[in-house]
Amino acid sequence: MELKKGFLILLAMVVLTGVVYPLVVTGVGQLFFNHQANGSLITGDGKIIGSELVAQKFEAPLYFVPRPSAIDYNAATSGGTNNGPTSEALKSEVRQNISMAKKLFGLKESDQVPADMVTSSGSGLDPEISFDSAVIQAKSVANARKIAETEIIKLVEEQTTKDLVSPRRVNVLLLNLELDRLFPKGTK
Amino acid sequence: MIAGELMVVALIIFATIACAYPFGIYMAKVFGGEKTFMSKVMRPVENFFYKFAGIKENDKQNWKQYLKSFVLFFGLGFVILFAILSVQKWLPMNPSGFGNIRWDTGLNIATSFCTNTNWQSVSFEASLTPFSQMIGIAVQNFVSAAAGLAVGVALVRGFARKNTDKIGNFWVDLTRGVLYVLVPISLVVAIFLVWQGVPQTLGNTIQATTIQGQSQTIITGPVASQVSIKMLGSNGGGYFNANGAHPFENPTPLSNAIQTMAILFIPMSLLFTFGKMIGDMKKAWSLFFVCIFLFVIGLSITMYAEMSPNPVLRNAGVASGLNMEGKEMRFGIPSSALWGQSTTVVSNGSVNGMHDSFMPLSGLVYIFNMITGEVIFGGVGVGLASLLLYSILAMFIAGLMIGKTPELLRKKLGVNEMVWACVGLLTPCIVVLILTAIGFVTPSALSSLSAKGSHGFSQLLYANTSMVGNNGSAFGGLAANTPFFNLTGSFAMLFGRFATVVSAIAVAGSLAKKNQSPANSTQIPMTSPAFVVMLLAVIIIVGALTFFPSLAIGPLLEHLKMAGM
């Protein structure tokens, strides 16, 4: 008797919370927030380029590059390095990222690199970099596209978040799309 | 910016408190069967549920019947979830063509989600079909939370009632928890999250061609509906492996703020539900003070640790040396620390950054939060239950100190209450220590650790405290999908859940039978500073004394090593 009660109430819960509830959210989401509900996709020439929320791989110096990724920007999965804060793995990871960044962005040996640019994000798909990390890439992008660095910095500033209550940051994919739109020289 | 980010942290905490108070009172009405503003919509659904399942609303149960129903419901949910996972390959909605789940992994996942733990030994987006996530996982997110709610409410009834052996009806409490509490708020939060950018489809895998011509697979699905309940129901299991760090689960600072509030919301509200049910809000504020005190101290430590430079980064030439490893840019350091603190006190277990990469002192605070038995607000329902068991323990010790019969809320505490309080609070600690010791001498367990030395020990300790505490967060470096961790983990989660639940329901039954002492007889009223200090002391001593040696060779040692770098 109790078993039957339990089974039937669970069945009712499955219908309510496993079918009706997600379908209602899907319906409302698709109707009112269609763009977001489908993954905030960006299209160009009728093809899907990616999602503005998900980092994709870019190669310097024609484009700005996102933060290091433990999963090589493979969005079919997600995750961080899980390197411990004092581990040798973290040490070598950071050193490697620093020398790579200095080489790619043409920095001096004595230059300091922003923390977010040389540490792997938690998701491996972090779409954003700090304002500082965009600025240190500006020179190499400007050189590759043969335009003035100030133009690039201006674009970065335009694309930077303006609120005062969250970290100051730039979405890499949106920044690169603007870059291609305004200075199309670099596109292959 | 950092000033603004710190302000947001304070704002999130105050906003949660402001919402929790009225909602707590609302929940007291719901579980008391009173009319609320939701009744118009939900009462017909509720009646239909009772009629459909043959439940008589006014059939009250004694504690043994109540517990029996709880166990039965757990068992049914477990069998069905395990079955779904074992045959998901042949079920509908399998766009990525995933295979069936291996038996030991399936056992672990089913235990994990039915015990409200949400420990995940595999990455869900890469192994579970949208069908399994919707019909299997998301349903348990609701019902395991509602079952926990029922247990908390039943224990409060034990204190509030006298001379009866009835503590309510499990089926009714379960139904009301889902219909009046979890579904409405989840719906609101889910829609808010979709607006912020969390996908909500019926399972689509999108092939994109990036600007530089590479192909990228983007996974969407019923994400928002699942994320909102996993935050509210102290579940924590994500749609994606990276959990709340994934930009699809948590796309903006605003979605992060709402989700942090959602973690704390129901557990905090329940303290006020308790106050309303026993008819004295001042007593709720006493318990609230104990929780918020421990919460703020832990938060201050983890905030301090995360905002200090990591010598490893500083020495390598990183500007500021701030530990951004495993964290997301849009949350920044303070909001990541706040989330870590919230998710470990509330047995939620979701993460918005990789705890394995957080600073050693944060790891220490997070493990402490979990080993105290998840009482700093704690899991939905069971957190309140554990806090009341701690109160019993504290008053018993106080009674010994002043040489009088211990009382709590005008109920004399006897052997029965003490035995169950000890079972509920102390046996989980012992299981954590034993499992950690076993893991430490088992080669196959050690080979799952990604780190050596003190940090490796922390990984093992964290895993066991997380599973026994029904938290579910992890130091992700641990490769947990092995028969060893799947099986010991299943045991740990079952033990942690049932130690609390059985004790709470048994104490509820025993207390309800007693008469209330005269109103002026209580030696130490719950509203007195003496009670608050005693309760705080007992919580800290149980956590600290039992685990000091483990914490010392794990996170504390690592912190000292780091200080010397």
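A salt bridge is a side-chain nitrogen of Lys or Arg within 4 Å of a carboxyl oxygen of Asp or Glu. By that rule, one salt bridge is counted between chain A and chain B in this predicted model.

**View 1. The salt bridge between Asp126(A) and Arg330(B).** The side chains of these two residues meet at 3.7 Å, taken from N to O. Polar contacts across the interface of chain A and chain B come to 31 residue pairs, both residues of each pair being at pLDDT 80 or more.

**View 2. The elements of chain A that touch chain B.** Helices H1 (2-32), H2 (34-37), H3 (88-105), H4 (115-118) and H7 (172-182) of chain A each supply at least two residues to this side, as do strands S2 (47-51), S3 (113-114) and S4 (128-130). H1(A) gives the most, with 25 residues. By residue class, the side of chain A that touches chain B holds 46 nonpolar, 31 polar and 15 charged residues.

**View 3. The area buried between chain A and chain B.** About 7,800 Å² is buried between the two chains, and 69% of this lies on carbon and sulfur atoms. In terms of contact, 92 residues of chain A meet 98 residues of chain B.

**View 4. Strand pairing between S3(A) and S3(B).** S3(A) pairs with strand S3 (residues 318-319) of chain B in the parallel sense, over two bridges. Opposite Pro114(A) stands Ala319(B), a residue in S3(B).

Methods: Residues numbered from 1 in each chain as written. Chains lettered and ligands numbered in written order. Predicted model: local features only at pLDDT ≥ 70, side-chain atom pairs only at ≥ 80, totals over all residues. Heavy atoms only, no water. Contact = heavy atoms within 4.5 Å. Buried area = accessible area lost by both parts, 1.4 Å probe. Polar contact = N/O pair within 3.5 Å; in protein donor to acceptor, adjacent residues only side chain to side chain. Helix = DSSP H or I, 4+ residues; strand = E, 2+ residues; numbered from the N terminus. Nonpolar A, V, L, I, M, F, W, Y, C, P; charged D, E, K, R; others polar. Pairing = 2+ DSSP bridges.
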